Amino acid sequence: LKDWAVENGLELSQTIAMGDGANDLPMIKTAGIGIAFCAKPIVREQAPYQITEPDLYKVIEILDEVKK
């Protein structure tokens with residue numbers, strides 16, 4: 001994520017990362033918006049945002065919430 005952000009001229013605060021397993025936690029915690037997506041309990045507990053149903057449109061709701 002860090003390399004991708006640099007390559008694209010972005011601050012980490014401008015990134016979004018989603019994952020479902022413990023191996024995704026470093027990325028989720030590093031991203032500007034970190035989302036647990038239909039994730040295991042340990043990920044849901046530590047991710048700033050959660051999506052608990054398989055619906056990627058829920059990301060838009062999170063973006064709207066962050067924008068406020």
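**Parallel sheet, covering helix and salt-bridge network**

β2 and β3 pair in the parallel sense over three bridges, where two strands count as paired if DSSP finds at least two bridges between them. This is a predicted model, in which local features need pLDDT of at least 70 and side-chain atom pairs count only at pLDDT 80 or more, while totals for chains, interfaces and linings use all residues. Residues are numbered from 1 along each chain as its sequence is written, and side-chain values use heavy atoms, with hydrogens and water left out. Helices (H or I, at least four residues) and strands (E, at least two) are DSSP runs, numbered from the N terminus.

**Sheet**

- Three strands make up an open sheet with parallel pairing, in the order β1-β2-β3.
- β1 and β3 (49-51) are the edge strands, each with a single partner, so one side of each has no neighbour in the sheet.
- From one strand to the next the twist averages 25°; axes are lines fitted to C-alpha atoms, for helices over the stretch in contact, and angles run from 0 to 180 degrees between N-to-C directions.
- Strands of a sheet pair through backbone hydrogen bonds, either parallel or antiparallel.
- β1 and β2 run parallel and are joined by four bridges.
- Ile16 has Ile33 in β2 as its bridge partner.
- On the other pairing, Ala36 stands opposite Gln50 in β3.
- Four of the five residues of β2 are buried, so this strand is largely enclosed by the rest of the structure; buried means under 20% relative accessible area, exposed over 50%, and partly exposed in between (1.4 Å probe, protein chains only).
- Helix α4 lies across β1, β2 and β3 and runs at about 155° to β3, with contact meaning heavy atoms within 4.5 Å.

- The covered face of β1 carries Ala17 and Gly19, and the uncovered face carries Ile16 and Met18.
- Met18 sits in strand β1 (residues 16-19) and is partly exposed, at a relative accessible area of 30%.
- Ile16, Met18, Leu56 and Leu63 make a nonpolar surface patch of about 320 Å².
- Patches are made of residues with over 30% relative accessible area and no salt bridge; like charges are joined within 9 Å, and nonpolar side chains (Val, Leu, Ile, Met, Phe, Trp, Tyr) within 5 Å.
- Accessible areas come from the Shrake-Rupley method with a 1.4 Å probe, and for residues only the protein chains shown count as cover.

**Salt bridges**

- The structure holds two salt bridges, each defined as a side-chain nitrogen of Lys or Arg within 4 Å of a carboxyl oxygen of Asp or Glu.
- Lys58 and Glu61 both belong to helix α4 (residues 58-67), where they lie three residues apart, about one turn of the helix.
- Lys58 is partly exposed, with a relative accessible area of 22%; Glu53 is partly exposed at 38%, and Glu61 is partly exposed at 48%.

**Backbone at Cys38**

- Cys38 has a phi near 45°, a positive value in a residue other than glycine.
- Cys38 lies in the loop between β2 (33-37) and α3 (41-46).
- The relative accessible area of Cys38 is 36%, which makes the residue partly exposed.

**Exposed positions and distances**

- Glu7 is located in helix α1 (residues 2-7) and is exposed, with a relative accessible area of 65%.
- Glu7 and Asn23 are 16 residues apart in sequence, and their C-alpha atoms are 23 Å apart in space.
- Ser13 is in the loop between α1 and β1 and is exposed, with a relative accessible area of 60%.
- Ser13 and Leu63 are 50 residues apart along the chain, and 13 Å separates their C-alpha atoms.
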